[in-house]
Amino acid sequence: MNQNPRPSFELSRRQLLRYSGIGVAAVAGSSFLTACGEDGGGGGGGGGGPQASGGTLIHGATGGGAKDTIDPHQPVTAADIARVCNLYEPLLFWNNNYELEAALAESVEPSADAKTWTVTMRQGATFHNGQPVTAEDAWLSIRRVADPKAPLSAGGQLSQIIDFESSKVVDEATLQIVLNTPYAILDSLLAEYTLGIIPGGEFDPANPVGTGAFAYESFEAGKTSTFTKYADYWGDAAFLDELVIQDFADDNAKVNALQANQIQTLDNLPYNLIDTIKGAGGGVLEAQGGQWTPFTMRVDQAPFNDVRVRQAFRLIVDRQAMIDQTLSGYGSLGNDLYAPLDTAYASDLPQREQDIDQAKSLLAQAGAEGLQVELFTGDDIGSVAVPAANLFAEQAKAAGVEVKVTKKTPFYDDDYLSYTFAQDFWNTRNYIPQAVVGTFPPEQGGTYNETHWDNQEHRDLVNAAAKEVDEARRAELIRDAQEIEYNEGGLIIWGFRNQIDAHASNVQGLEPSKYLPLGNYKFSKVSV
């Protein structure tokens with residue numbers, strides 16, 4: 001976390017509520033305040049003592065709309081992700097330290113050349129309909145995700161590397177995945193939260209069935225979804241009887257609901273409200289991971305089809321000011337590269353800093369003086385997006401660039417991935433899977449390529465790194481790929497935000513996670 005000191009002055013609670021935009025009336029008589037103790041900053045949630053079973057937890061998530069989904073393989077918004085993480089499970093999990101651990105698979109083992117992988121299924125796991133989870137279910141789920149004709153979120157790279165004819169279900173407990181090329185990190189792909197295993201690989205939107213600690217009860221797009229405790233869950237049973245995930249149009253409404261005790265948890269707390277929540281007796285959960293909210297420049301459209309313009313925009317950004325003002329200091333510097341938790345992260349590349357004179361020079365060389373651009377943003381990207389967009393527009397004026405900020409509600413509609421200049425949000429991933437999903441063209445596995453970047457040299461390096469069994473050599477290849485992206489890519493990654501979530505003081509069991517909000521949304525571990 002950035003160590004810049006917080007302001008030394010103190011405000012009354014009424015002043016804090018006023019300046020943060022939270023209505024005092026919604027808070028004054030709430031049971032949130034009267035039920036909570038004075039210490040609201042705990043990392044694990046709630047007080048001491050054993051966790052109680054029973055009750056309902058209502059989680060608040062910003063965003064959502066008519067395009068909300070409960071499909072395990074196509075989540076987009078934070079609300080979507082929270083739903084699929086509780087209803088479904090992949091073969092492996094990323095734990096809170098961003099390390100792989102067993103889930104529906106007891107083991108996933110490669111051959112010496114990393115071309116044949118053997119998946120051994122967990123015994124005793126069942127779907128919510130009571131059927132046992134088999135290797136056949138795993139294989140058909142993978143086939144749905146990795147359909148070469150229409151790969152879904154987790155299937156972009158899988159669709160390119162799996163030999164579908166040679167792969168086979170050996171028996172109910174064993175799946176053999178044969179690849180058409182060595183792929184040394186297949187296990188990391190099988191751990192994506194977007195690769196939940198479903199019975200027979202069939203998704204029924206009217207009756208979705210998974211293996212998670214909670215089973216489906218109801219879902220209304222853009223509004224709410226309800227899940228109930230699955231009594232026969234293979235792991236530790238949930239403490240809660242019921243989990244409700246509620247959509248909110250904006251962050252202030254979500255925070256008001258927490259303080260009025262209408263919800264008990266929320267993800268992605270606006271950074272300027274951390275002290276407000278603590279002062280009102282709530283809990284704040286902080287994790288240092290690899291989450292980022294980039295600006296995205298389409299490299300196939302003017303003005304960003306000129307690399308000089310892209311580099312100029314990267315030099316316009318005052319990165320430390322972004323962290324200080326939009327993250328309240330809760331973040332670390334970015335250098336237009338993602339995956340800071342990857343051991344191969346190219347920390348040796350020169351740290352970019354704001355350089356207005358050089359930005360002006362590059363724009364002049366590109367014939368783009370007096371440039372006017374429209375920047376699309378939205379509340380459902382996350383609390384940092386709109387403030388970051390407005391701050392960038394201010395910073396750009398010094399370089400003679402006029403930025404019109406357009407806020408869309410919802411942002412994630414049919415126009416998503418078509419904007420010339422916009423923002424997006426990403427959670428923690430290592431470099432190779434993130435490069436594939438976010439920078440490869442669709443026909444090569446890129447399902448969310450916002451910049452429409454298509455660089456064959458970069459792709460070849462990423463693919464070669466994925467095949468490389470020798471970790472040192474793989475790191476060299478990744479380093480070379482990052483340098484190309486650093487010089488030519490279409491992302492402005494100004495910083496990595498600490499994950500900040502909030503909860504009522506009677507919530508126990510939450511743990512910070514480097515991967516996803518609220519301890520990877522594992523509400524099975526939570527009690528109220």
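## Helix α13

Glu394 and Lys397 sit 3 residues apart in helix α13, about one turn of the helix. In this predicted model, their side chains form a salt bridge with an N to O distance of 3.0 Å. An α-helix has 3.6 residues a turn, so residues three or four places apart point the same way. Glu394 is partly exposed, with a relative accessible area of 48%, and Lys397 is exposed at 53%.

Helix α13 covers residues 385–397; its 13 residues should span 18 Å at 1.5 Å a residue, and the 19 Å between its end C-alpha atoms agrees with this. Among the buried residues of α13 are Val386, Leu391, Phe392 and Gln395.

## Other salt bridges

The structure holds 22 salt bridges. One of them pairs Arg83 with Asp68, with the closest N and O atoms 3.3 Å apart. This pair links distant parts of the chain: Arg83 belongs to helix α4 (residues 78–87), while Asp68 is in the loop between β1 (56–62) and α4, 15 residues apart. Arg83 counts as buried at 1% relative accessibility, and Asp68 counts as buried at 10%.

Asp413 and Lys408 also form a salt bridge, their closest N and O atoms being 2.9 Å apart. Asp413 is partly exposed at 23% relative accessibility, whereas Lys408 is buried at 15%. Elsewhere, salt bridges with shared partners join Asp68, Asp80, Arg83 and Asp247 into one network.

## Negative surface patch

Glu457, Asp460, Asp480 and Glu488 gather on the surface in a patch of negative charge. Helices α15 (456–467) and α16 (471–488) each supply at least two residues of this patch. Asp460 lies in helix α15 and, at 42% relative accessibility, counts as partly exposed.

How values were computed:
Residues are numbered from 1 along each chain as its sequence is written. This is a predicted model: local features need pLDDT of at least 70, side-chain atom pairs count only at pLDDT 80 or more; totals for chains, interfaces and linings use all residues. Side-chain values use heavy atoms; hydrogens and water are left out. Patches are made of residues with over 30% relative accessible area and no salt bridge: like charges are joined within 9 Å, nonpolar side chains (Val, Leu, Ile, Met, Phe, Trp, Tyr) within 5 Å. Accessible areas come from the Shrake-Rupley method with a 1.4 Å probe; for residues, only the protein chains shown count as cover. A salt bridge is a side-chain nitrogen of Lys or Arg within 4 Å of a carboxyl oxygen of Asp or Glu. Lys and Arg count as positive and Asp and Glu as negative; His and the chain ends are not counted. The place of a charge is taken as NZ of Lys, CZ of Arg, CG of Asp or CD of Glu. Helices (H or I, at least four residues) and strands (E, at least two) are DSSP runs, numbered from the N terminus. Buried means under 20% relative accessible area, exposed over 50%, partly exposed in between (1.4 Å probe, protein chains only). The expected span of a helix is 1.5 Å times one less than its number of residues.
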